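Student: Hey, could you walk me through this one? I've never looked at it before.
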Amino acid sequence: ETAENYKAISAAEFFYKYKEIAGFANPARALYQTIRELVENALDATDAHGILPNIKVTIEKADQIHEYYKITVEDNGIGIPPHIVPEAFGRVLFSSKYVLRQTRGMFGLGVKVAVLYGQMTTGRPVEIITSQPGLRRIYYYKLRIDINKNQPIILERGSWRKNRDWHGTIVSLTIEGDWSRARFRVKDYILRTAVVTPYANIVFMTPEGEIYYYKRAIDKLPSPPKQVKPHPYGVDLELLKRIRETGKYATLYDLLIKSFQSVGDVTARTLISQAGLDPSIDPMKISDKDLLKLVNTMKKYDKYRPPTAQALSPLGPDIIKAGLTRIYEPEFVEATTRKPSAYQGHPFIVEAGIAYGGKVPMSPSDKPNLLRYANKIPLLYDEGSDVITAVIKEDINWDNYLVHLPAPIIVLVHICSTKVPFKGVGKESIADVPEIRKEIKLAISEVARKLRNHLSKKIREEEKKKKIVN
Ligand code: ADP
Ligand code: MG
């Protein structure tokens, strides 16, 4: 037999077949991942839009015989325009986050893989209730995904008048899960989320009926991210073609000035002349060869301003300290936000916080307890292969900071970027990029020095007390 069967599959079919790469490898992981995707969407819909989040997460046993769980997440966010709902929940690779702006979501994938997982394990559809601020009605949808066509199938829809000024979204999904194996991770995920969102009220109800309530501890939100233009350092031939195909630019000069950040009059003219082109040429008339010349010139040029950090939304030291305090009530807490930096044309900011003593648990003996975050998402799996772990184990000598492990110390590291170099689409660990590694080390050392001051003062005071007693 030599004949092959050739066919194309849809994006929905691809992720239906390879759901483990999106974090849905088994019923325990799937339960954790579903909660993560829903909570991240809920937070993106609130804090990135200037709304103090109220988030409610409920997990209920949904069947007498099978291990089916109904997961419901409610937020008070910006809602979703009703005509968009079917695509947002029923078309894989559909998103409002395909722009240069820091968000938790970015692939247009998460919630759809959860919907697919639900429909393949329990056959139950996703339910969405949503309303935007200012709308008079609340909209309701029940839908599933047509896997072959990568399209939503609407099973039910409806709307009713609002009798109070509610806005936000409630999403319910029923999946086969393994709560007893997922319980620890899910609780840990919610706790770690609560650490970096002290400005949120978070209520979490387990299938056993336990209620965890993290009450808002600070009324300040991180400054919302702004959408920005690409930096020329990250340009390629396709990007330039796609920009010119918008047809918005009369001349090459115009295109460069208006569609890239860090390119002003002088830079634009320099780039064009170095590429041997004419600034007044119609971008549509440039040959591929000339366009490629321009791409190479743009990449080689080294006098750009670094990429803007306006697209980023760091937490800031106040929020990090409030978050660590809300959970650990430590005797010492400090935090820092480094200045923006860049790798391969992508801006990033590293933040670090340390809590010591109080309710901080004892660390293992080879490193402090660690809380890793990327774009405000807690990272729980694959700690061993994360660059942050490498830094706290290999680049920092904790004894130099008077921290003799094991100790009641927890280190928080947050990396925000328009492109976090995750090692996979499951978003669980960060690759070892030298520029980022260096900033992580600087951030932690800065806070660790303050901890050393605190600890050495404490030692001196204890010695003084001893002398008085003797
Ligand atoms: P991503 O978060 O990566 O964009 P998702 O599949 O998780 O992809 O979500 C698709 C889109 O649906 C989001 O980009 C967002 O526009 C919208 N969305 C999902 N959940 C919510 C929510 N709770 N509130 C507002 N919008 C939402
Ligand atoms: Mg998402």
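Student: Leaving aside its neighbours within four places in sequence, what is V186 in contact with?
Tutor: V186 touches Y32, I35, I59, W179 and F204, once neighbours within four places in sequence are set aside. Keep in mind that this is a predicted model.
Student: Ok, and which helix does V186 lie in?
Tutor: V186 belongs to helix α5, which covers residues 179-196.
Student: Is V186 buried or exposed?
Tutor: Buried, because its relative accessible area is 1% and the cut-off for buried is under 20%.
Student: How many Å separate the C-alpha atoms of V186 and L271?
Tutor: Those two C-alpha atoms are 51 Å apart, and along the chain V186 and L271 are separated by 85 residues.
Student: Switching topic: how is the chain divided into domains?
Tutor: There's domain 1 at 11-214, domain 2 at 232-300 and domain 3 at 317-459.
Student: What separates the centres of domain 1 and domain 2?
Tutor: Taken over C-alpha atoms, the two centres are 41 Å apart.
Student: Let's do helix packing. At what angle do α7 and α8 pack?
Tutor: About 130°, with the axes 10 Å apart; α7 is residues 252-259 and α8 is residues 265-274. That angle is why α7 counts as oblique to α8.
Student: Is that crossing left-handed or right-handed?
Tutor: Right-handed: that's how α7 passes α8.
Student: Which residues of α7 and α8 meet there?
Tutor: From α7 you have L252, Y253, L256 and I257, and from α8 you have D265, A268, R269, L271 and I272.
Student: Now α11 and α12. How do their axes cross?
Tutor: The axes of α11 (residues 387-395) and α12 (residues 434-469) come within 10 Å and cross at roughly 55°. So α11 and α12 are oblique to each other too. The crossing of α11 past α12 is right-handed.
Student: Which residues make the contact?
Tutor: On the α11 side, V387, I388, A390, V391, I392, E394 and D395; on the α12 side, R437, I440, K441 and I444.
Student: And how many of those are nonpolar, polar or charged?
Tutor: The contact of α11 with α12 has seven nonpolar and four charged residues, with no polar ones.

Terms used
Residues are numbered from 1 along each chain as its sequence is written. Chains are lettered from A and ligands numbered from 1 in the order in which they are written. This is a predicted model: local features need pLDDT of at least 70, side-chain atom pairs count only at pLDDT 80 or more; totals for chains, interfaces and linings use all residues. Side-chain values use heavy atoms; hydrogens and water are left out. Domain bounds come from an automatic or database domain assignment. Axes are lines fitted to C-alpha atoms, for helices over the stretch in contact, and angles run from 0 to 180 degrees between N-to-C directions. Helices (H or I, at least four residues) and strands (E, at least two) are DSSP runs, numbered from the N terminus. Angles under 35 degrees count as roughly parallel, over 145 as roughly antiparallel, 65 to 115 as roughly perpendicular and the rest as oblique. A crossing is left-handed if the near helix is turned anticlockwise from the far one by less than a right angle, and right-handed if clockwise. Contact means heavy atoms within 4.5 Å. Ala, Val, Leu, Ile, Met, Phe, Trp, Tyr, Cys and Pro count as nonpolar, Asp, Glu, Lys and Arg as charged, and the others, Gly among them, as polar. Buried means under 20% relative accessible area, exposed over 50%, partly exposed in between (1.4 Å probe, protein chains only).
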